Amino acid sequence: MTSSALRAVSVLMIAGMLSSCSTSTTTSAATTTNAYATAYQNAKFNNGSSGNMTVSFPSSCSMTVSGTGVPYSHAVYYLAPVMNGGTVVATTPSGIQLGLMTYAGTGISTSIKAVSATFNICPTKAASTTATGGGPIGLMFAGTSLFDPYEATSTVALADNASYTFASTACGGSTCTASFIDTCNEHPTGGSGGSTWHFHGVPTCWTSVVDGSSGPSHIIGIALDGFPIYGGYDVNGVAVNVSALDACNGITSATPEFPGGAYHYVLPVGVTSARSSIGCYAGTVDATLSAAMQRLGCKMPMMLANGKARLPDGREVSVAEAEVWMKQTMPGMDMGPGMVMPGVKVASGDGGGRKRMGMAGM
């Protein structure tokens, strides 16, 4: 089977799982001669009566994007990090212990944070690059955020995935499979303030809608520095190799929106290394915007299979030390049994009884 045929089959499988929503294009009365601004004004957004975004252009070089933070598509079940007292059903390669939870019934859907930001859509390259930080590093036009390649624990997210399959008819068959990061390279964070739904790599459930079955990739989001984000195919529909990208995952090349070539970021297809997402900014990021986005990240410890905990800075410590860290950084929270996000519970592997769990930083 050819690569284009494989892509077509993949798209059909994904499309069958998606709920219907509007993907209309937002336009504005604001006029500009800047090529980037024009491209954004004609991009496809998940907006409209059944979408989860609103987009406006207050000036010729600014774009305000607001969204409910609700994912365009999602699985029925997910795996989430377990705190003390939860039922562990899977463990990631780095040792993070995971429990089972449903999207609709155990608090994910009711704890998702809204996302909103105003971007400079006439970007220019800075004299030097700036490393991406925790939390959202861009907004995807599917309506949710893009994070850098790493979890809060400094592990590469797409390389630290785990799944669990169990008997259930809830997923349309005799079994369900729950994963830490789903097939669209997305999952929620957790923390005391709610969940930020986000991608750690190319959002395949959205690119299948924007690009169709054979590419090429189109604009699917905007980074905090204003440069556009694309999927992993070039203007000819050929997969972009990581070796062609700069250290930030950027490249200057032709796209459907920029036939003469322009700088943009690429989220490569099938990559599960640190190159799965943007690692640095080529342009300038407004400090206020960056600070606001970092607050949507997560800063909670994760329990490990070895009985210890990993802090957001990557340090592995005892549970007692993690408890002290939480009391210092998150007053009023604890890691004892029953520690839980508002409305969040974890189901046992057979879909029966429930135990409480913490939806720690993902």
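Ring pairs join Tyr36, Phe227, Phe258, Tyr263 and Tyr265 into a cluster, where rings of Phe, Tyr and Trp (its six-membered ring) count as a pair if their centres lie within 6.5 Å. Please keep in mind that this is a predicted model, in which local features need pLDDT of at least 70 and side-chain atom pairs count only at pLDDT 80 or more, while totals for chains, interfaces and linings use all residues. Residues are numbered from 1 along each chain as its sequence is written, and side-chain values use heavy atoms, with hydrogens and water left out.

The structure holds twelve aromatic pairs, and I will go through two of them. In the pair of tyrosine 36 and phenylalanine 258, the ring centres are 5.2 Å apart and the planes stand at 55°, so this pair is called tilted; planes under 30 degrees apart would count as stacked, over 60 as edge-to-face, and the rest as tilted. Tyrosine 36 sits in helix α2 (residues 35–41), whereas phenylalanine 258 sits in the loop between β16 (250–253) and β17 (262–266), so the pair ties together parts that are 222 residues apart in sequence. Helices (H or I, at least four residues) and strands (E, at least two) are DSSP runs, numbered from the N terminus. Both tyrosine 36 and phenylalanine 258 are buried, a word that stands for under 20% relative accessible area, with exposed meaning over 50% and partly exposed in between (1.4 Å probe, protein chains only).

How are the rings of phenylalanine 227 and tyrosine 265 arranged? Their centres are 6.3 Å apart and their planes are at 90°, so that pair is edge-to-face. Phenylalanine 227 belongs to the loop between β14 (219–223) and β15 (228–230), and tyrosine 265 to strand β17, 38 residues apart, so to speak a link between distant parts of the chain. Phenylalanine 227 counts as buried at 2% relative accessibility, and tyrosine 265 is buried as well, with a relative accessible area of 0%.

Let me turn to a sheet. Three strands form an open sheet in the order β1-β2-β6, with antiparallel pairing, and two strands pair if DSSP finds at least two bridges between them. The edge strands, β1 (53–59) and β6 (115–120), each pair on one side only. Strand β2 (residues 62–67) pairs with β6 over six bridges in the antiparallel sense, and the bridge partner of serine 62 in β6 is asparagine 120.
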